[in-house]
Amino acid sequence: MRRLREDGTPEKAQGFIIRQMTVDDMPAVMALEKASFKNPWSPELLQRELQHDWSTILLVEEPLPEGGVALLGLAIFWIVHDEVHILNVATAPIHRRRGVARTVMDEVLRRGVARRCSLATLEVRRGNESALSLYRSLGFRPVGIRPNYYADEGEDAIVMVLDF
């Protein structure tokens with residue numbers, strides 16, 4: 001995992017780079033969203049998240065041998081008072097099972113602890129076994145169900161919480 005140094009320069013670990021999204025990243029992020037979800041976030045929603053003080057979009061990248069970087073995944077989360085609320089975690093389909101989601105989730109949770117948050121919350125599709133397994137391994141526990149939360153497919157969400 002890559003962490004920011006005191007001067008704001010990102011650091012690398014495991015070959016991944018983690019940094020905050022900028023407006024210039026919009027085309028790559030939209031391509032990732034479309035590859036990852038049936039109903040991706042819209043550019044307008046992403047743009048709105050970039051403007052909120054309480055919202056952060058972290059990108060996970062990997063240097064390419066020929067130069068530049070590949071966008072592997074992202075996480076969108078809010079820190080409000082003492083809570084981290086995770087809105088979206090995505091990994092490009094061709095980069096799944098490489099630890100991308102775990103890496104970005106570790107960074108999200110690290111930032112929550114650094115901001116003295118007491119809990120983290122998220123909703124996950126009932127049928128998303130990979131995500132459920134990841135979140136359980138990070139210490140999240142199910143606390144409720146939101147029926148038909150994902151109205152596009154009529155799927156329930158499992159509400160999960162992690163106490164810091």
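Me: A crossing is called left-handed if the near helix is turned anticlockwise from the far one by less than a right angle, and right-handed if it is turned clockwise; which hand does the crossing of H1 and H2 have?

Reply: This is a predicted model, in which local features need pLDDT of at least 70 and side-chain atom pairs count only at pLDDT 80 or more, whereas totals for chains, interfaces and linings use all residues. Residues are numbered from 1 along each chain as its sequence is written, and side-chain values use heavy atoms, with hydrogens and water left out. Helices (H or I, at least four residues) and strands (E, at least two) are DSSP runs numbered from the N terminus, and the crossing of H1 with H2 is right-handed.

Me: How are H1 and H2 oriented to each other, and which residues make the contact?

Reply: With axes fitted to C-alpha atoms over the stretch in contact, and angles running from 0 to 180 degrees between N-to-C directions, H1 (residues 26-36) and H2 (residues 43-51) pack at about 125 degrees, their axes 11 Å apart. H1 and H2 are therefore oblique, the class left over once angles under 35 degrees count as roughly parallel, over 145 as roughly antiparallel and 65 to 115 as roughly perpendicular. Met 26, Val 29 and Met 30 of H1 meet Pro 43, Leu 46, Gln 47 and Leu 50 of H2, contact meaning heavy atoms within 4.5 Å. Of these residues, six are nonpolar, one is polar and none is charged.

Me: At what angle do H3 and H4 pack?

Reply: H3 (residues 100-114) and H4 (residues 129-137) pack at about 40 degrees, with axes 11 Å apart, and are therefore oblique, in a crossing that is right-handed. Ala 101, Arg 102 and Met 105 of H3 touch Leu 134, Tyr 135 and Ser 137 of H4.

Me: Where is Asn 148 found, and how accessible is Asn 148?

Reply: Asn 148 belongs to strand E7 (residues 141-150), has a positive phi near 55 degrees, and is partly exposed at 43% relative accessibility.

Definitions and conventions. Left-handed = near helix turned anticlockwise from the far one by under 90°. Nonpolar A, V, L, I, M, F, W, Y, C, P; charged D, E, K, R; others polar. Buried < 20%, exposed > 50% of the residue type's maximum accessible area, 1.4 Å probe, protein only.
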